[in-house]
Structure formats: structure tokens, C-alpha cells
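Dear colleague,

I am passing on the structure below for your files. My notes on it follow.

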Amino acid sequence: MKQLQHFGIVNTQNNSLPIISEDTRTRHAWVPFGVYGHDDFFSAVTAAWNVSTTTSACVEGIADLVFGKGLYSKNEAFNEVLQKLIPQEETKRVAFDLKLYGNAAYQVYWDDTHTKIKKMYHIPIHTLRAEKLYGEPKIQNYYYCVDWSDQRKIRDKKKVPAFGTSNEKMEILYIKNYFPGLYYYSLPDWVSAMQYSIAEGEISNLHLNNITNGFLPAVMLNFNNGVPAPEERQTIEDLLQAKFTGTDNAGRFMLSFNDDPATKPTIDIIQIDNLHEKYQYVAEYTQDRILVAHRITSPLLFGIRTANNGFSSQSEEMMTAFSIMQTMTISPFQNLILNTLDAALTDGGWDDTQLYFDQLTPLAILSQQAEDTGKSIAEVADTTNKEMENPATTEDSGDASVEEAIPPTKDNLSAEEFTLVKTTQPFFNQEYETYKD
């Protein structure tokens with residue numbers, strides 16, 4: 001007699017690497033932006049940020065440092081206007097969008113004569129899609145929709161002109177970096193860590209399921225008294241799930257009554273050696289890759305403690321790490337916002353803007369600097385702000401003298417000046433390494 005056997009296999013999801021594309025071949029007037037599918041870029045980035053604790057901490061921490069204590073002008077007269085023209089909360093949201101999505105935008109409102117900007121507000125970047133060029137040298141319009149995944153809401157989309165392309169009362173000022181292979185949109189600087197962010201989220205899901213399942217090992221339960229009908233199999237599976245899964249069922253045992261030992265159920269435990277070590281390695285590796293993608297020089301700056309970086313770090317190391325991150329990570333974001341706003345406000349009838357971000361420096365670093373220099377914390381903070389100013393928006397940015405433009409050489413440097421330049425400029429011309437009196 002032929003023996004019947006029923007064996008179920010669970011297929012795992014086959015995730016592929018993200019392929020980011022601007023779909024210009026669509027029949028729509030706007031350009032969809034996708035990662036894993038059609039026009040899902042913003043939702044995919046949001047999902048990766050939502051499930052990863054490390055990515056969430058990095059995005060929010062860097063966005064806070066980019067905004068600092070707010071956007072101001074060194075021109076006191078214009079600064080009063082600026083605070084009403086662009087409310088601080090609006091720029092804070094723009095800084096967050098720019099870090100999270102690599103794209104951000106303002107709503108720019110003009111006066112009736114379209115000669116002066118009278119108000120600027122943040123607009124959620126995920127609600128905008130760029131219009132196709134249609135032979136134009138630059139993007140002319142953007143489409144606004146509250147939910148681009150809802151076909152019914154897409155019918156109610158609104159067409160809004162891009163900044164500087166119309167005489168409309170409201171325009172969109174779009175902020176983005178150049179990114180190879182893309183024209184309409186840009187990418188966040190941490191896009192290479194999207195897969196790692198999702199992996200970190202899956203690890204948390206794994207631990208949650210382990211807790212929910214009472215830390216039971218992976219087992220295969222075999223019934224040796226024939227293969228029941230599909231309806232009966234489903235009933236047995238539901239009963240087993242109700243009895244032996246969930247935190248309330250942790251520690252329960254299984255009891256079986258049998259007429260014949262030959263037909264008793266058998267339980268095979270599927271044991272994987274050193275599974276906890278493998279999970280720990282994956283968790284640490286994904287966190288490390290995420291930090292690298294965000295260009296975090298010291299995780300402690302964001303309250304992230306790693307295995308290789310405890311709270312015993314010296315203050316000098318913290319100051320060095322913050323200085324590097326401020327120069328390589330924070331300033332580029334700030335300069336992009338400042339340069340865009342400076343150009344827009346100039347076109348919008350406002351002169352002598354002199355914009356700058358009031359820097360947000362950790363108090364521990366300011367305290368150490370004040371102690372080392374004998375200055376007050378306020379004086380040290382003011383010096384830090386001046387050092388981090390955007391040269392494109394400073395008052396004397398375009399008036400450098402000829403003397404200032406001459407590079408240092410052995411003919412125009414004394415021995416003392418040479419020593420100072422060499423210690424403060426790491427890329428000083430190697431030709432004069434052997435300079436002597």
C-alpha cells in the first residue's frame with residue numbers, strides 16, 4: 001500500500017537590491033520616482049527610516065544640527081523681517097526633509113506685483129512630483145498631491161509653477177543636490193544604507209517574534225497516523241497555534257494520547273548552532289554600515305553607544321569628531337539651504353541678506369573649549385559660529401584682495417608664519433616641507 005505524506009514548505013521573500021529610477025517614459029505629465037516599484041521612493045525611504053533605530057537617530061540628530069538654533073541674518077534690520085518672512089519652524093522642517101529624503105521645498109508667496117517675496121513656508125516634499133521638461137532648459141512646474149498612491153486623490157492634483165518661471169502668486173522653491181544619473185530629483189546621502197536599515201528593522205521583528213513565541217525552538221511536528229483532509233489539517237494547525245504560541249503560553253508542555261506507539265507524533269527540533277552570535281554580528285555590522293553611510297564620526301554625538309566606543313572617550317576626541325562632522329557633514333547641508341535661500345531672496349527683492357545658521361554645539365565641547373582658552377561659553381560659541389559661516393553669504397565673500405589670493409610660498413612666509421600655516425592647513429604645499437630660515 002502506498003504511503004501518503006504531506007510536507008509543507010514556507011517560501012521566504014526574495015528581496016532584490018534597490019534600483020532607483022526616474023520614470024520619464026510614463027504617459028503622465030509628471031515624473032514618478034521609484035526604488036522597488038513604481039513611484040515608491042518617498043514611501044520606501046520613510047519605511048526604512050521608521051524601522052531602523054540607528055537611521056532614525058542619525059537622521060533626526062543631523063537634521064537638528066543642520067538647523068542648529070535657527071536661521072538668522074547678520075543684518076539686524078533684515079533679521080527682523082526674516083523672522084516673519086520665513087518662520088523658524090518652516091526651515092527646521094526643510095532641514096529634516098533634506099536630510100531624510102535628499103530633497104526639500106518651500107512654498108514661496110509673492111506680493112500682488114510679483115516683485116517681492118512676502119512669505120515662505122515648508123511644503124512636504126513627498127507631496128511633489130516634477131513635471132517633464134518638454135524641451136525646456138529647467139523644470140517649469142511641480143504637481144502637488146496629498147497621496148500619490150491613491151488614484152482618486154491623484155485626480156485632484158494641483159499644478160504649481162517652479163520658482164522663477166511664472167508670475168503666479170505662489171511658486172515652489174525646490175532644494176536638492178546634484179546626483180549622477182538623476183535630473184528631476186536627488187537622493188539622501190545615506191541611500192546606500194537603505195538595505196541595512198531594513199535589515200535592522202527585521203532584526204527587531206525577529207526578537208519580537210521570539211518573545212511572542214515564548215522563545216520556543218524551531219520544531220517540526222510529525223503526525224504518523226495518516227494525512228488528514230485539508231480542512232482537518234487547518235483545524236489541527238489552528239489548535240496548535242492557539243495552544244503553544246504567544247507569551248502567555250511560554251513554558252507549557254505538550255501532552256499526547258496514543259493507541260499505538262507506532263503512530264505517536266514525533267517532534268524534531270531544528271537547532272542552529274551559535275544563532276545568538278550570528279544575530280549579534282549582523283546587528284553590529286548593520287549599525288556600523290548605517291553610521292558610515294551617514295558619515296557619523298562619533299556615535300556618541302547622537303547618544304549611540306557602540307561596542308568600540310564607550311563613554312570613556314576623551315573630550316579632545318569628541319571635539320575632533322564634532323569638528324570633522326561639522327565640516328564634512330553639517331556644513332554642506334547648511335550651505336545648500338543658505339545658498340538657495342540667498343539667491344531666492346535676492347531675486348525676490350531683498351538685498352543684503354547675510355544669512356547664517358546659529359550653530360548647535362554640544363555643551364560638553366563648549367565647556368572644554370572655554371576651560372582651555374579661558375573664555376566664557378558664550379564667547380566660545382560665538383567664535384564657533386563665525387568659523388562655521390557660509391563663505392557664499394558673508395559680507396566680504398566677493399571682495400578678497402589680491403594679497404589674500406596669493407598662495408603661501410617660501411618667499412612670503414617667515415619661519416613663524418610657516419609653522420602656523422603648516423599646523424593649521426593639513427594640505428599645505430609639500431614643496432616647502434623642508435623650508436628653513
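Is the crossing of H2 and H4 left-handed or right-handed? It is right-handed. Please keep in mind that this is a predicted model.

The two helices, H2 (residues 53-67) and H4 (residues 88-101), have axes that come within 9 Å and cross at roughly 135°. That angle makes H2 oblique to H4. On the H2 side the contact involves Cys58, Val59, Glu60, Ile62, Ala63, Asp64, Val66 and Phe67. H4 contributes Gln88, Thr91, Lys92, Ala95, Phe96, Lys99 and Leu100. By type, the residues of this contact are nine nonpolar, two polar and four charged.

Next, the salt bridges. The count comes to eight.

Lys99 is buried, at a relative accessible area of 1%, while Asp189 is partly exposed at 26%.

Asp189 also forms a salt bridge with Arg295, where the closest N and O atoms are 3.2 Å apart. Arg295 is in the loop between helix H8 (275-293) and helix H9 (315-347), so here the parts tied together are 106 residues apart in sequence. Arg295 is partly exposed, with a relative accessible area of 36%.

Another salt bridge joins Asp39 and Arg129, with 2.9 Å between the closest N and O atoms. Asp39 lies in the loop between strand S2 (33-34) and helix H1 (41-51), and Arg129 in strand S6 (residues 128-130). Both residues, Asp39 and Arg129, are buried.

Regards

Notes:
Residues numbered from 1 in each chain as written. Predicted model: local features only at pLDDT ≥ 70, side-chain atom pairs only at ≥ 80, totals over all residues. Heavy atoms only, no water. Axes fitted to C-alpha atoms, helices over the stretch in contact; angles between N-to-C directions. Helix = DSSP H or I, 4+ residues; strand = E, 2+ residues; numbered from the N terminus. Parallel < 35°, antiparallel > 145°, perpendicular 65-115°, else oblique. Left-handed = near helix turned anticlockwise from the far one by under 90°. Contact = heavy atoms within 4.5 Å. Nonpolar A, V, L, I, M, F, W, Y, C, P; charged D, E, K, R; others polar. Salt bridge = Lys/Arg side-chain N within 4 Å of Asp/Glu carboxyl O. Buried < 20%, exposed > 50% of the residue type's maximum accessible area, 1.4 Å probe, protein only.
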